[in-house]
Amino acid sequence: MPTLYLMRHGQTEYNLQKLVQGQCDSPLTELGRAQARQAAQWYIDHDVHIGYACSSPLGRAHSTLEIVLAEVTTFAEVPHADEPGIIERSYGIYEAGPVSNMPITPWNTHDMLADCGGDRELEARARIVDRASMAIVIAGLFIGSSVVYYAKIEPVIFGRKTTPAAPKTST
């Protein structure tokens, strides 16, 4: 059965500066790049094989995925793409500003920022689920069956964990 692997991008400059980053972008820090390499090592340690990978086109997500794809030799030939539909939600006028200026936590804004140019909760979810569903269909073409679960975390890697064969015993 196929498995859906979810990753979040590594630490960014905006994370360090406590700035809001939704659809605006900020590069990975050295720690963020190290976190991507740690994620790659996890895939290696767990003998994960994937059939397709995609991420948001934002540099932080794209860079995280590129590091993982480069570090895991079994991922080298895997088809992958930027998927604009899974881009982070917009925080409107609060983008790139201090998190402390937001009237609500960025982790659960509902529709409170819609009047400030931010995404409406259900519209953002619908966009993300729609595009992720399409990516899941594409993944099914590469790994032989569709993946039926999705949660919004960037980047998204679709694949299958191989199970080692049982050791042979002599009789």
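1. A quick word on terms before the tour: helices (H or I, at least four residues) and strands (E, at least two) are DSSP runs, numbered from the N terminus. The expected span of a helix is 1.5 Å times one less than its number of residues.

2. What you're looking at is a predicted model, where local features need pLDDT of at least 70, side-chain atom pairs count only at pLDDT 80 or more, and totals for chains, interfaces and linings use all residues. Residues are numbered from 1 along each chain as its sequence is written, and side-chain values use heavy atoms, with hydrogens and water left out.

3. On confidence: pLDDT is the predictor's confidence in each residue, from 0 to 100. The protein chain averages 80, and 79% of the residues score at least 70. Among its elements, helix H1 (residues 13–17) has the highest mean pLDDT, 96, while strand E4 (residues 156–161) has the lowest, 45. Over residues 145–171 the pLDDT is below 50, yet this stretch has 93 contacts in the model beyond near neighbours in sequence (contact means heavy atoms within 4.5 Å).

4. Now helix H2, residues 30–45. Its 16 residues reach 22 Å from first C-alpha to last, close to the 22 Å expected at 1.5 Å a residue. Gly32, Ala36, Ala40 and Tyr43 are buried in H2. They sit on the same side of the helix, because they cover an arc of only 90° around the axis, the arc being that of the directions from the helix axis to the C-beta atoms. As for cut-offs, buried means under 20% relative accessible area, exposed over 50%, and partly exposed in between (1.4 Å probe, protein chains only). The face turned away from the buried side carries the exposed residues Gln38 and Asp45. Just after H2, aspartate 47 takes a positive phi of about 50°.

5. There are 2 aromatic pairs in the structure. Rings of Phe, Tyr and Trp (its six-membered ring) pair if their centres lie within 6.5 Å; planes under 30 degrees apart count as stacked, over 60 as edge-to-face and the rest as tilted. Tryptophan 42 and tyrosine 43 make an edge-to-face pair, 5.4 Å centre to centre with 85° between the planes. Tryptophan 42 is partly exposed at 39% relative accessibility, whereas tyrosine 43 is buried at 3%. Ring pairs link Trp42, Tyr43 and Phe75 into a cluster.

6. Last stop, glutamate 83, in the loop between strand E3 (80–82) and helix H4 (121–143). Glutamate 83 counts as buried because its relative accessibility is 12%. Leaving aside neighbours within four places in sequence, glutamate 83 touches Cys54, Ser55, Ser56, Pro57 and Arg131.
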